There are 4 protein chains.
Amino acid sequence: MIVVMKSGASAEEIAQVIRRVEEMGYQAHVSRGEERTIIGIIGDERPLNRDALERMDGVEKTMPVLRPFKLASRDFHPEDSVFPINGVRIGGRQVIIMAGPCSVESRSQILETAWAVKEAGATVLRGGAFKPRTSPYSFQGLGEEGLRYLAEAREETGLPVVTEVMAPEQIPLVAQYADILQIGARNMQNFALLRAVGKSGHPALLKRGLMATMEELLMAAEYILAQGNPRVMLCERGIRTFETYTRNTFDINAIPLLKQLTHLPVIADPSHGTGRWELVSAVARAAVAAGADGLLVEVHPRPEEALSDGVQSLKPARFAALVRGVRRVAEAIGREV
Amino acid sequence: MIVVMKSGASAEEIAQVIRRVEEMGYQAHVSRGEERTIIGIIGDERPLNRDALERMDGVEKTMPVLRPFKLASRDFHPEDSVFPINGVRIGGRQVIIMAGPCSVESRSQILETAWAVKEAGATVLRGGAFKPRTSPYSFQGLGEEGLRYLAEAREETGLPVVTEVMAPEQIPLVAQYADILQIGARNMQNFALLRAVGKSGHPALLKRGLMATMEELLMAAEYILAQGNPRVMLCERGIRTFETYTRNTFDINAIPLLKQLTHLPVIADPSHGTGRWELVSAVARAAVAAGADGLLVEVHPRPEEALSDGVQSLKPARFAALVRGVRRVAEAIGREV
Amino acid sequence: MIVVMKSGASAEEIAQVIRRVEEMGYQAHVSRGEERTIIGIIGDERPLNRDALERMDGVEKTMPVLRPFKLASRDFHPEDSVFPINGVRIGGRQVIIMAGPCSVESRSQILETAWAVKEAGATVLRGGAFKPRTSPYSFQGLGEEGLRYLAEAREETGLPVVTEVMAPEQIPLVAQYADILQIGARNMQNFALLRAVGKSGHPALLKRGLMATMEELLMAAEYILAQGNPRVMLCERGIRTFETYTRNTFDINAIPLLKQLTHLPVIADPSHGTGRWELVSAVARAAVAAGADGLLVEVHPRPEEALSDGVQSLKPARFAALVRGVRRVAEAIGREV
Amino acid sequence: MIVVMKSGASAEEIAQVIRRVEEMGYQAHVSRGEERTIIGIIGDERPLNRDALERMDGVEKTMPVLRPFKLASRDFHPEDSVFPINGVRIGGRQVIIMAGPCSVESRSQILETAWAVKEAGATVLRGGAFKPRTSPYSFQGLGEEGLRYLAEAREETGLPVVTEVMAPEQIPLVAQYADILQIGARNMQNFALLRAVGKSGHPALLKRGLMATMEELLMAAEYILAQGNPRVMLCERGIRTFETYTRNTFDINAIPLLKQLTHLPVIADPSHGTGRWELVSAVARAAVAAGADGLLVEVHPRPEEALSDGVQSLKPARFAALVRGVRRVAEAIGREV
């Protein structure tokens, strides 16, 4: 951490900051410039109370030297994290494709979709049983009934299942039926949930909040990792910007940058990332070209009847074409689908 | 709802949309323009599945005619909502001042602050016992111990207490000690929590998410109102933008616009809205000048020692000056503090 | 400037950075922490080529210590800049009100509006002759004819005139008719224009770009000041965010923060800042309560016939009420209108 | 255009809107719903003064049915625009690679870079002679001297040249030396410049403003096209968001969406789009995978000495690797480099 003193800071104010730094068990390293004195703090700055330092008399600002995440960082764990989930190897050479409907709507709908995505090349089945919805007047999911249908689809097709968990107390129930616990974008900073998923030890798919920085995403992952659960996948699903022609702006930069900052696998969700089905295939190819370790794609047999997200869901035939396109791109960069 | 057909939409595609609209129990009103056919849907559009319609063949886009919130709207409830909470009248002529530390850190800290803010003119005491923090390595609050200190401060000073509740299962505990349940910005779309606070019947202070539109804030309020709990206050606390000189951008436009759209009281939080103590008084005055019904201000006896938010907390003397300034502005627009 | 080296930076890489810093005429101050070595650069960092340093081998990032603006800063000029323009004193105790139509549409329209705003208390007349419009199919202004009408209105009413100049070659023409040259939001980083306005010596009203940071605004002012022209007013007019209920988000934080960072007068434009006439008065009061030195308000005798910006223009009677409200708020904080 | 009346709008207010619509030469189509009356306006809505309509008594809002651009749209010109520029075919099956330094710094620098990028596979040379810089204290380009060096590099290598033009009066000079006139992001809404480039008839590369929506980009193109100049390329170069780990957020969604909305070629600039050289290759591959017709890449023989943009410039060897990677991706989707 660097503390920048105000231009008129007094000798006493500088001395007080130094004393405070030393009291906290750090070394202070003073450097007097022409216009400002700066104080370097030597030692692990992550637990430092930056706000309090910044509020001391004579201080203009503080600047962190290190990234605030540790367990998620390449400094701590230089190699890629690769782990198997029910026979699917995540984070390795293979690009994983997770697909299925936004919501589980009925037994037949999820079974039909599961078979369709499996045939097209998907390796994991997605589907929501508990649905967070902006409006209290919208469909809120089938709940446990939906989970049972997912489990049945898994049994029939052999595809592992990823589904969202919305609250700590739901974890035991959801984990009974699902292989991967999804933490939704709106819950990315639901810290009680993060901790509980961490303790559960189940593999987690952590979606980036729609207005969360990459740093905040990695700090959210840190909450899970800090509980001793190493099987965390990060998911870029678009951020909120001023652009209105698309629902979200897929942050393609995040793919290579996250791969550089962290050892965790990075999944891309081009369905939410664009919000429009016509754009999904192009952005799926882009994400893989940029280095994504997997895709999460919404597929529905009849999107015009879907109870949620119809506008961004692909029909099975188009999804099959997406997989073929993505496969060629993956091969072009030395990976496979 | 308006459905805009694509320029080349066929007669059959148009007929299908009309049929679908009628099957859903609405009337369709067709209007053929030079370049596009548009279909107006007549009836309450709020429960309509817009996504599914937009996904039908030949449809270019859909446009809602009505705002999606109902119970929160002035259409439904034209008069201002005014309600008393432990003797404090919220939403009326008086501008309410809620103040206190970000976190309850110790018994003496909260008692000292409570007396100081009361003396300066505050009418409600704030303080966090459960703290959502970006980093797992930061102070996370005193928990129930903090609640007990808050209750003691209330008993001594007579100030009602507002404090954050982070999960549905915490509500019974928090409600034992607090007069107003605060729903934090990161939980604005934690729908399980919104529903539970709605069912609890306790007064709620709902903070706008830093990534939330005004519409989403009002839809979140709708979740609480729909459970039969009318005592909801909205709180503007700054949104995330590209500007980096301040932590958040206080959305002053939201104050008069929310007052126009909804009957619910609107509170301003200039501490989070700016993230810098030097700006808090100016933005507090601005919020009141723009029509806010109350303020939520962070005050700490020694901000340079605060365990959280020190950089945006005021010392008691400066807070007293803030109240004096705000009082003069309130009087200039015909209100009082 | 601080240079942070990568965790694995070699002794040779560190030595090279030091050599480079010294070659550029600065002193290097090295500090070895547990995880990173950092190098402080001592000397005026503003002309430093930060990008090139950041690209050297072994460098992780660079962090500026100083704000990049100089002539605009309080460090350089601690007192408020106060200057008279045709008898109107800008930047002092009085809050200046500039008002008039978005576009000059006809001789009678501008004369009628000029008299109306003068009567209501305005001290400067605004009106656009050259109009930047998003669409090539929209009204683009009357050009020089509009300037002549403005000059006539000035002669009749005695109000000084502010109007936009869009290109360097227009300056001589516009300066013939106008007292203050307005640089529009879309031209805030038209550096040729900034330089030319600087050289012209005419007073300038510099509007913040709709996605410009405060730092960029101050750097734009620096371009004008660096040409020896000290009469620059900054204008906050709203920034672009994700919110869609308003056209822009008025950045109220910018008012007190700019007053703290710079000696230049700060003007608020609540018409563009909100984009909706119903919100203009509330945000005008807020801006004055927060410390603005002046207001820029769009007024039109018949907004429903205005060729541009009708939706955010006030009718004269409502503008007169705005002035009365703003006057009371100004008095409440020890200023006057 | 749809006009939505307020819930309490009177019969007279509705009649007035209808009268106004008819006076303007349009047909009005009224539809009375349960909560609102809406009025459809039939006819070409692009020249309509929406603001004025929205300001009429009883009107709640207006909603456009059509996109506001015409010449740039697929409705007007369904086929892809493909055009040759000095032997290079833009917009066809081949993905064009434009590369070179941010600024022309010296004769030897530009010659060395030109040969390097040609050898690696570039088909157009980029380089700035006039540089818009945020700070008046930064290098501002060599001006005409730079243009002469560019022309020399073109003569030697045979590569056509793209370079930025910053003001209408520079066009004759720049067009003497350059094959493509670049309009920079900060000038995307410099309408005088757009018109002048349109009139010049020279091919244009129009960069999206960092604060501009896709609609605004297409409207800016419309300014050029409306002057009868059809050779316009659009360039996505990243937008400004809240994310701070990257300078800009490359909007990958814009690539397929622009290709759907417009017939104009779409170029991607991954250098500005990321602001970090380590991310450039990944995002270049992504852009091509998503359908970009070309790339604009910053290359410098010694980025650590570059006078501008060193941090996002590639060394020649890395650029050659980028081209190889991009070529494989292009082939995977049926195109070539």
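This is a predicted model: local features need pLDDT of at least 70, side-chain atom pairs count only at pLDDT 80 or more; totals for chains, interfaces and linings use all residues.
Trainee: What makes the relation between chain A and chain C that of a two-fold axis?

Mentor: Chain A can be laid on chain C by a turn of 180° with a shift of 0.0 Å along the axis, and the RMSD is then 0.0 Å. That is the relation of a two-fold axis. Of the residues of chain A, F242(A) comes closest to the rotation axis, its C-alpha lying at 2.3 Å.

Trainee: How do you know that the copies meet through the same surface?

Mentor: Contact requires C-beta atoms within 7 Å, and by that criterion 22 residues of chain A are in contact with 22 residues of chain C. The side of chain A that touches chain C draws at least two residues from each of β1 (2–5), β2 (27–32) and β3 (37–42), with β3(A) giving the most, three residues. Because 100% of the interface residues of chain A are also interface residues in chain C, the copies meet through the same surface.

Trainee: Why is the span of helix α11 of chain C called close to the expected one?

Mentor: Helix α11(C), residues 316–332, has 17 residues, and its 25 Å from first to last C-alpha is close to the 24 Å expected at 1.5 Å a residue.

Trainee: Which residues in α11(C) are buried, and what covers them?

Mentor: A residue is buried if 20 or more other C-beta atoms lie within 10 Å of its own, and F319(C), L322(C) and V323(C) are among the residues of α11(C) that are buried. The cover includes α10 (277–289) and α11 (316–332) of chain B, as well as β7 (96–100) and α3 (107–120) of chain C.

Key:
Residues are numbered from 1 along each chain as its sequence is written. Chains are lettered from A and ligands numbered from 1 in the order in which they are written. Copies are superposed by least squares on the C-alpha atoms of residues with pLDDT of at least 70 in both. Two residues are in contact if their C-beta atoms, placed from the backbone, lie within 7 Å. Helices (H or I, at least four residues) and strands (E, at least two) are DSSP runs, numbered from the N terminus. The expected span of a helix is 1.5 Å times one less than its number of residues. A residue is buried if 20 or more other C-beta atoms lie within 10 Å of its own, exposed if 12 or fewer, and partly exposed in between; C-beta atoms are placed from the backbone.
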